[in-house]
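Please read it alongside the sequence and model shown here.

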Amino acid sequence: MLTRIKDLATKLAPRLIEIRRHIHSHPELSGQEYQTAAFVAGVLSSSGLRVQEGVGKVGVVGELHTISKDEHFLAIRTDMDALPIQECTGLEYASRKEGMMHACGHDVHTTVGLGTAMVLSQIAEEIGGNIRFLFQSAEEIAQGAGWMVKDGAMENVSAILGVHVFPSIPAGSIGVRYGALTAAADDLEIVIIGESGHGARPHEAIDAIWIAAQVITALQQAISRTQNPLRPVVLSIGKINGGRAPNVISDKVQLWGTVRSLHPETRAQLPNWIDKIVASVCNSYGARYQVNYRQGVPSVQNDYTLTQLLQSAAEEAWSSDRVQVLPEPSLGAEDFSVYLEHVPGSMFRLGVGYPDRIINYPLHHPEFEVDESAIVTGVVTMAYAAYKYWAKD
Ligand code: NI
């Protein structure tokens with residue numbers, strides 16, 4: 001079966017590159033992937049899948065029904081949105097839209113999803129169970145997965161597989177990771193309220209700017225002294241706003257930041273921990289405060305068995321030196337984790353770096369480029385893993 005899957009994927013390669021370039025030159029922002037979705041639905045229908053549009057707002061679901069009587073599905077998830085970045089690659093198929101670019105490789109993910117559906121549809125009678133393809137919208141704003149789940153995309157799903165491109169792995173190779181792949185990403189807002197006064201008479205005021213500086217310092221120091229160093233926490237204040245004039249003491253400062261963590265227990269204690277530190281600083285100097293902690297997406301925790309499935313599929317398809325077992329997670333975020341709150345799953349990293357280039361630009365860079373030979377690698381890995389998933393029992 002592996003040879004057959006590889007032959008089918010190789011034959012499809014020119015068509016898949018055409019598809020990827022079409023999507024790449026017509027990027028659409030999160031929640032507005034209307035044309036991409038219509039295109040995806042068209043390809044899925046012509047491959048004989050049962051297609052539903054408008055799932056999770058702009059998402060598309062395609063079901064491949066095999067001869068199996070089992071009503072369960074293996075889900076394969078890809079995302080379709082682009083970023084508000086002006087493309088600077090100079091490629092002939094570069095974005096035709098001002099200020100929009102597929103700089104996170106979601107064009108490749110969509111293509112891998114479609115290629116997998118095309119390959120598996122041709123061997124449907126030999127697959128032991130049904131497959132549901134999820135093409136979600138709005139991953140970049142961490143909303144799309146939640147919308148898909150709300151619209152029932154995970155009903156009767158027993159496991160889920162996902163893929164994300166990775167420029168520091170060369171095309172032709174993939175990376176798998178056991179356990180944590182990405183971090184939980186939460187939003188933080190802190191408001192510090194002091195009392196205004198003359199810049200020359202600080203003792204008659206409560207200086208919110210000075211207190212904000214103490215709060216930031218206290219948080220960063222407390223991470224190193226009170227959080228378990230083997231369970232990383234990154235807190236970055238990325239925006240700060242306060243004050244009116246150089247000689248007026250500010251009575252209000254707002255801070256906004258992002259909080260990243262890997263362990264669910266570590267994450268659970270963060271809102272209280274932050275509140276305590278902010279309180280101790282503010283109370284010392286007579287300021288009032290508010291801490292608004294909003295939970296974003298959880299950490300992607302790859303399931304052991306399904307990661308093993310991806311690893312063995314890729315190792316059988318090529319060789320073990322083309323499969324990297326990644327030693328470290330990333331503190332980036334990925335809303336694939338929202339599906340994992342419902343079923344076990346695993347996401348692999350698809351190498352898209354040009355092996356002969358010294359610099360492969362990172363994700364979200366205006367010159368980010370993809371070695372397109374990776375598409376077939378992605379399709380074979382995904383299709384063969386799906387086949388093996390249902391062949392197991
Ligand atoms: Ni992405």
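## Strand β3

Phe73, Ala75, Arg77 and Asp79 point to one side of β3, while Leu74, Ile76 and Thr78 point to the other, and all are buried. Buried here means under 20% relative accessible area, exposed over 50% and partly exposed in between, with a 1.4 Å probe and protein chains only. The strand spans residues 73-79 and is mostly covered, with seven of its seven residues buried. Strands (E, at least two residues) and helices (H or I, at least four) are DSSP runs numbered from the N terminus.

This is a predicted model, in which local features need pLDDT of at least 70 and side-chain atom pairs count only at pLDDT 80 or more, while totals for chains, interfaces and linings use all residues. Residues are numbered from 1 along each chain as its sequence is written, and side-chain values use heavy atoms, with hydrogens and water left out.

## Strand partners

β3 runs parallel to β4 (residues 130-136), and seven bridges join them; Arg77 has Leu134 as its bridge partner in β4. β3 also runs parallel to β5 (residues 157-170), through five bridges, with Phe73 opposite Val157. Strands pair if DSSP finds at least two bridges between them.

## Nickel site

Cys104 (SG), His106 (NE2) and His164 (NE2) coordinate the nickel ion at 2.2 to 2.3 Å. His106 lies in helix α3 and His164 in strand β5, so this pair ties together parts 58 residues apart in sequence. Donors are N, O and S atoms within 2.8 Å of the metal (3.2 Å for Na, K and Ca); water is not among the atoms, so sites may look incomplete.

His106 is buried, at 0% relative accessible area, and His164 is buried at 7%.
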